[in-house]
Amino acid sequence: MKKYGNIMYRWAQDLWPICRSLTGEGVRITLNYIQNLLPELVIHDVPTGTKAFDWEVPLEWNITDAYIADEFNTRIIDFQKNNLHIVGYSIPVDKWMYLEELEQYLFSLPQYPDAIPYVTSYYKKRWGFCLSQQQRKQLTNQNYHVVINSSLKHGVLNYGELIIPGRSKQEIFLSTYICHPSMANNELSGPVVTTALAQWLEGLGNLRYTYRIIFIPETIGSIVYLSRHLSTLKKNCIAGFVITCVGDDRAYSYMPSRHGHTLADRAAKHVLKYHTANYDTYSFLERGSDERQYCSPGVDLPVCSIMRSKYGEYPEYHTSLDDLKLVTSEGLQGGFDVLSKALMLIENNAYYKTKCLCEPQLGKRGLYPTLSQKRDKDIYDMMNILAYADGEKDLIEIAEITKQNALDCLPIIEKLIHAGLLEEIKY
């Protein structure tokens, strides 16, 4: 498997300073960067006010500067130093106010005194600043100059879409989001790992399935995309993954689809079992990303998530502490590895049927030792695959029953097919 860890980390470093939100120039810069890595990526524009089910595309938000300065014009809080200092989608402000009035527009986390929280107000016009609790304690009762140079105007929502064609029109769906500003695990890890997966898939060639890969703003982006492509996805999508929080090296996590037994779920659980000593399994009741939309009633796509530390479960989540020290090249590589294994398993998953009645004579085909002695594990594995290859069980089920890693079964299956003992059943 190709090592992308260091490359993905460099991409994350490049994208880190960009102020992203649901809409705006930061999203376009990010998508243009990804397009340079994936030239076939198509960037779409969806105008403000466009209806998407129960939602509509919001105004486009852009910001150039924001700060709180003291009476000596010294910036106490400065957007230029950390773009999390501003409440996302803040309206323009230029006024003086004393601390007592300013307090209602400040957001901090007493339980994490050194962290700047991530706060947004997408669908109600307001403004505010985020700061660490330590910074807040240092404010004195003086007159502060509060400035936010932002705009909320009719514009567009942007998203990127890449279709990698396979032999089949059936699709594997990968979705990640690009709306978060400078936070590393949530969410620079998702776009960079997805980009690496796309490059890897393009390099494989001769894919069985078609891959539909999208880079969207969270929630509104998935809703907009579904409003445009729901019929196609319901017809063609056989498995999918929301790719988020795949960059740290503390844990692996699994978030099921609403039904919990789709092909994506089965592949995710099987790969995780053999990829890592243990992993955290969550309930769909603990959902929090775009699986909320993809698995909603009436949509019901077979989409789940394989993550490292799950959103909302690690202390740095949605704060400035979720930085490029939390995410590592090794963590990103681990995220890439487990997802690429899941995709390879789905690519190769099939129903197989033995072509012989009773056990075949393996020795004359060079698949069994001609000297009777204790059989090694490889022989047992081969015979167990043949024992359960009845045309009614797919590779994942056979591997689960026989307690084998399905990916390790593939060379054995190839040998058995080559020997004329096994055939793939087309359904």
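This dialogue goes through the fold and packing of one predicted model.

Colleague: How many helices and strands does the chain have, and how are they defined?

Modeller: Helices (H or I, at least four residues) and strands (E, at least two) are DSSP runs numbered from the N terminus, and the secondary structure of this chain comes to twelve helices and 19 strands. Residues are numbered from 1 along each chain as its sequence is written, and side-chain values use heavy atoms, with hydrogens and water left out. Since the model is predicted, local features need pLDDT of at least 70 and side-chain atom pairs count only at pLDDT 80 or more, whereas totals for chains, interfaces and linings use all residues.

Colleague: What is the order of the strands in the open sheet of eight?

Modeller: Two strands pair if DSSP finds at least two bridges between them; here the order is E1-E10-E12-E11-E13-E16-E14-E15, with mixed pairing. The edge strands, each pairing on one side only, are E1 (42–47) and E15 (280–281). Strand E13 (residues 237–242) pairs with strand E16 (residues 303–307) in the parallel sense over two bridges, and Gly240 stands opposite Val303 in E16.

Colleague: Which strands does helix H9 touch, and what angle does its direction make with that of E13?

Modeller: Contact means heavy atoms within 4.5 Å, while axes are lines fitted to C-alpha atoms, for helices over the stretch in contact, with angles from 0 to 180 degrees between N-to-C directions. Helix H9 (residues 329–348) packs on the sheet, touching E11 (171–177), E12 (210–216), E13 and E16, and its direction makes about 175° with that of E13.

Colleague: Which residues have the most contacts inside the largest nonpolar core?

Modeller: A nonpolar core is a set of buried Ala, Val, Leu, Ile, Met, Phe, Trp, Tyr and Cys residues joined through side-chain atoms within 4.5 Å. The largest has 78 residues, and Val193 and Phe241 have the most contacts inside it. Leaving aside neighbours within four places in sequence, Phe241 is in contact with residues including Phe173, Val303 and Leu339.

Terms used
Buried means under 20% relative accessible area, exposed over 50%, partly exposed in between (1.4 Å probe, protein chains only).
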